[in-house]
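I opened the notebook to look up contacts, strands and pockets. My entries follow in the order I made them.

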Amino acid sequence: MILDAVFKTETAIFNYRVAGIWIENGHVLLHRDVNEENWSLPGGRVALLEESQISMKREFLEELGVNIHINRLVWVGENFFKYGGNDYHEIGFYYMITANDHSLFSKEPFFGLEEERSIYKWTPINDLIDVELYPRYLRMGINHLPKTTEHFVEKQ
């Protein structure tokens, strides 16, 4: 049984997440729950006692059936937001990734292996400023990827 590194207190929910920045042909892969309007970078929660890079590879294999290569850690983000009536404190590791399998690149949105739970779409990087992508920092940040790992804090 895998236990995610997430816990709820009386005042907030803490979440430890990894996300992949996968760029192909000037587009970045985004995903969202079918019942939501907001987009995010694909990834997921880190399991307790699991290294973040292993979590990253596991999530992409589970959700898209693809083996990824992790190039480098781009950002460590502290994200404070409200969702579903709860306050969240999220720590996120954002990795630049690639894959040898380029067959997922498509101009049309598509579903992952979890059937119709999540929608994925390749979005032109130049259009991110107009996308409901969270954390908001990523809307501009992906256009200006740092050469070394950086830290950001976002409070919504």
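**Entry 1: salt bridges**

Which residue's side chain meets Lys 82 in a salt bridge? I found Asp 87, at 3.1 Å from N to O. A salt bridge here is a side-chain nitrogen of Lys or Arg within 4 Å of a carboxyl oxygen of Asp or Glu.

I noted the source before going on: this is a predicted model, where local features need pLDDT of at least 70, side-chain atom pairs count only at pLDDT 80 or more, and totals for chains, interfaces and linings use all residues. Residues are numbered from 1 along each chain as its sequence is written, and side-chain values use heavy atoms, with hydrogens and water left out.

Next I checked how open the two partners are. Lys 82 counts as exposed, at 56% relative accessibility. Asp 87 counts as partly exposed, at 36%. The cut-offs are these: buried is under 20% relative accessible area, exposed is over 50%, and partly exposed is in between, with a 1.4 Å probe and protein chains only.

I then followed the shared partners. Salt bridges join Glu 50, Arg 58, Glu 59 and Glu 62 into one network. In it, Glu 50 bridges to Arg 58, with the closest N and O atoms 2.8 Å apart. Arg 58 also meets Glu 59, at 3.1 Å from N to O. Are Glu 50, Arg 58 and Glu 59 buried or exposed? Glu 50 is buried at 18%. Arg 58 is buried at 16%. Glu 59 is buried at 8%.

**Entry 2**

Lys 82 stands opposite Asp 87 in β6. Strands and helices are DSSP runs numbered from the N terminus: strands are E with at least two residues, helices are H or I with at least four. Two strands pair if DSSP finds at least two bridges between them.

How many bridges join β5 and β6? I read 14, in the antiparallel sense. Their hairpin has two residues between the strands, and Gly 84 takes a positive phi near 60° there.

β6 has another partner. It pairs with β2 in the parallel sense over 10 bridges. Val 18 stands opposite Phe 93 in β6.

**Entry 3: strand β3**

I turned to β3 next. Six of its seven residues are buried, so I wrote it down as mostly covered. It pairs with β2 in the antiparallel sense over two bridges. In β3, His 27 is the bridge partner of Glu 24. The hairpin of β2 and β3 has two residues between the strands, and Asn 25 takes a positive phi near 50°.

β3 also pairs with β8, antiparallel, over seven bridges. There Asp 33 stands opposite Ser 118 in β8.

**Entry 4: aromatic rings**

I searched for ring pairs and found 13 aromatic pairs in the whole structure. Rings of Phe, Tyr and Trp (its six-membered ring) pair if their centres lie within 6.5 Å; planes under 30 degrees apart are stacked, over 60 edge-to-face, and the rest tilted.

Tyr 16 and Phe 93 form an edge-to-face pair, 5.6 Å centre to centre with 75° between the planes. This pair links distant parts of the chain: Tyr 16 is in β2 and Phe 93 is in β6, 77 residues apart.

Phe 105 and Trp 122 form a tilted pair, 5.3 Å centre to centre with 55° between the planes. Phe 105 is in the loop between β6 and β7, and Trp 122 is in β8, 17 residues apart. Phe 105 is partly exposed at 21%. Trp 122 is buried at 6%. Ring pairs also link Trp 22, Phe 60, Phe 105 and Trp 122 into a cluster.

**Entry 5: the largest pocket**

How much space lies in the largest pocket? I read about 980 Å³. Of the 32 residues that line it, the closest to its centre are Arg 17, His 31, Ser 40, Tyr 83 and Glu 90. A pocket is an open set of points on a 1 Å grid over the protein atoms alone, where a 1.4 Å probe fits, with protein on both sides within 12 Å along at least five of seven lines; lining residues have an atom within 4 Å of a point. Its volume is the space filled by probe spheres set on the points, which are joined across faces, edges and corners.
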